[in-house]
Amino acid sequence: LTSTTVSVSTWSASSSTMSFDGSTVTSQTWSMSSSTVTIGTGTAMSVSGGAQLDASTMTLSSSTSTFTSVQASTLTNGGTIQGRGGCNMQFTGGLQTTSSTMDLQQSTVGCGHLQMSSSTLSASSSTTVTASQVTFSQTTVQMTSASFTSSGTMSDDGGSLTFTTSTIVVTSTFTSTSSSYSLTGSSMTVTQHTITSTTITLTDVSSQFLLDGSGAGGGSLVGSLASGAVFSGLGFLRHRTGLLRLIAGSTIGCGMQLSPSAQIVRRARALQQTDLTTTNPAVTACGNSIGATTVASGASLSIDTSCSFGTESWDVAGTTSTYTTSVAATGAVDVQSGGLLVLNTVSTSTNPFSITGTFTLSGSIEVLVTDSSTTAIVILMKWDDTSCTDITSSVTVYGCTTMSCNTDVVASSAATSCYLRLFLRDTSSSDSNDAWWGLLALLALIPCAAGLAWYCCRIRTQDPEEISYDEVEVADGGYEGYE
């Protein structure tokens with residue numbers, strides 16, 4: 001049909017082929033089965049009651065081709081929606097696809113709730129896709145030079161999503177389970193997230209995954225990386241505001257930058273026994289592997305030393321032992337001026353924080369001791385360097401109510417690694433102090449007693465004839481009264 005106006009209440013087609021140019025088509029309901037429709041140049045099609053496309057193909061071919069569906073629409077059973085040449089599609093009531101394909105080039109697509117199950121979304125050449133909510137299940141997404149925005153939540157399960165020179169924005173919560181993401185020259189920004197058993201690969205240094213937090217405070221949970229969640233590649237995981245929790249079994253194999261969204265005037269922060277609400281953004285790690293990490297001014301990284309990640313063999317001041325680590329960083333860790341590293345839940349059974357790389361401390365470290373009942377030397381953290389700078393002036397220890405706590409830095413015997421140690425000594429009462437110093441005194445008497453015993457033994461066993469006695473001269477004048 002060319003230059004035609006069509007207005008019907010119901011349009012149903014089966015095994016048909018239709019083409020419109022320069023036309024206006026309106027319908028209350030529209031259903032197609034095993035059919036093909038082309039909405040060509042200068043054609044506007046509007047369906048007030050929603051469209052149902054089953055095993056059918058709908059193509060919009062030019063910048064003057066438009067399609068609007070007010071109610072919810074469906075695309076099923078191998079159906080295809082194609083967009084070309086700057087066309088515009090608006091699925092105001094939402095679009096649900098099952099085992100179908102959306103193939104978009106130079107297209108603009110707006111949608112209510114976009115739901116895709118076992119389907120494929122391909123977008124390229126400056127295509128823009130926006131939705132009020134997104135749900136992907138077992139779906140493949142491939143975007144090149146495209147933009148994808150969800151103004152509400154976005155969730156995916158078991159999907160494969162590849163983005164090249166593209167931008168992805170989720171202004172609400174992003175939830176991903178058992179999926180795979182690849183970003184090349186791309187940026188993905190989310191306000192909140194929960195990620196489980198999903199791998200996100202940032203293939204190059206220009207790619208980033210940004211947890212924005214939408215201005216949340218440092219004590220407000222905005223992100224969670226659960227077991228099996230993996231970030232990898234040459235790009236960066238960036239965190240602006242709120243609290244990000246790294247749960248045991250998650251891995252950050254890319255760079256991590258903790259930095260506020262804007263420079264603000266910062267008040268001097270009183271140390272408050274690792275109260276992370278006074279820092280923003282904040283990250284907590286437990287039983288994880290993380291990549292090179294930068295903690296900027298106002299931000300904090302908290303290591304739960306009660307967690308377990310792996311084992312490493314360390315030479316601490318010439319003594320080699322195997323240690324269980326709480327968190328392992330593979331890359332340099334830089335705590336910048338105003339930044340904070342927290343070593344939390346410290347006890348005599350603490351698992352240290354391991355850094356396979358250099359450690360730069362221009363900010364501060366807080367150590368929270370939760371069990372100080374036993375005298376001990378505790379290894380808090382390890383990093384690699386040939387020169388072990390004494391950082392103890394930047395370390396504050398809390399929780400030593402009945403113990404005397406102090407720290408030092410020692411090197412490995414080969415001077416390749418450095419270790420921050422914590423000394424715990426009981427000072428709960430004068431009796432305990434007396435016992436402590438009494439023990440030291442007894443220890444000091446041991447060599448004296450040993451020397452005395454050796455001397456006595458030597459005298460007893462020596463030949464009497466060999467003993468030399470000093471002569472005693474008596475003065476000619478005796479004592480008075482002595483003859």
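**Exercise 1. Find the residue in strand 27 that is the bridge partner of L202.**

Step 1. Start with the numbering: residues count from 1 along each chain as its sequence is written. This is a predicted model, where local features need pLDDT of at least 70, side-chain atom pairs count only at pLDDT 80 or more, and totals for chains, interfaces and linings use all residues, while side-chain values use heavy atoms, with hydrogens and water left out.

Step 2. Look up the strands, which are DSSP runs of E with at least two residues, numbered from the N terminus. L202 pairs with G233 of strand 27.

Step 3. Now widen the view. Strands 24 and 27 run parallel and are joined by four bridges; two strands pair if DSSP finds at least two bridges between them.

Step 4. Turn to another neighbour: strand 22 (residues 180-184) also runs parallel to strand 24, with four bridges. Here L183 has L202 as its bridge partner.

**Exercise 2. Sort the residues of strand 24 into a covered and an uncovered face.**

Step 1. Find residues 199-202, which make up strand 24.

Step 2. I200 and L202 form the covered face, whereas T199 and T201 form the uncovered one.

**Exercise 3. Describe the ring pair of F209 and F231.**

Step 1. Recall the rule: rings of Phe, Tyr and Trp (its six-membered ring) pair if their centres lie within 6.5 Å; planes under 30 degrees apart count as stacked, over 60 as edge-to-face and the rest as tilted. The structure holds eleven such aromatic pairs.

Step 2. F209 and F231 are 5.1 Å apart, centre to centre, with 70° between the planes, an edge-to-face pair.

Step 3. F209 sits in strand 25 (residues 208-211) and F231 in strand 27 (residues 230-233), so their pair ties together parts that are 22 residues apart in sequence.

**Exercise 4. Explain why the pair of W314 and Y419 is tilted.**

Step 1. The ring centres of W314 and Y419 are 5.6 Å apart and their planes stand at 50°, so the pair is tilted.

Step 2. W314 belongs to strand 35 (residues 310-316) and Y419 to strand 45 (residues 417-426), so this pair ties together parts that are 105 residues apart in sequence.

Step 3. Check burial: W314 counts as buried because its relative accessibility is 3%, and Y419 counts as buried at 2%.

How values were computed: Buried means under 20% relative accessible area, exposed over 50%, partly exposed in between (1.4 Å probe, protein chains only).
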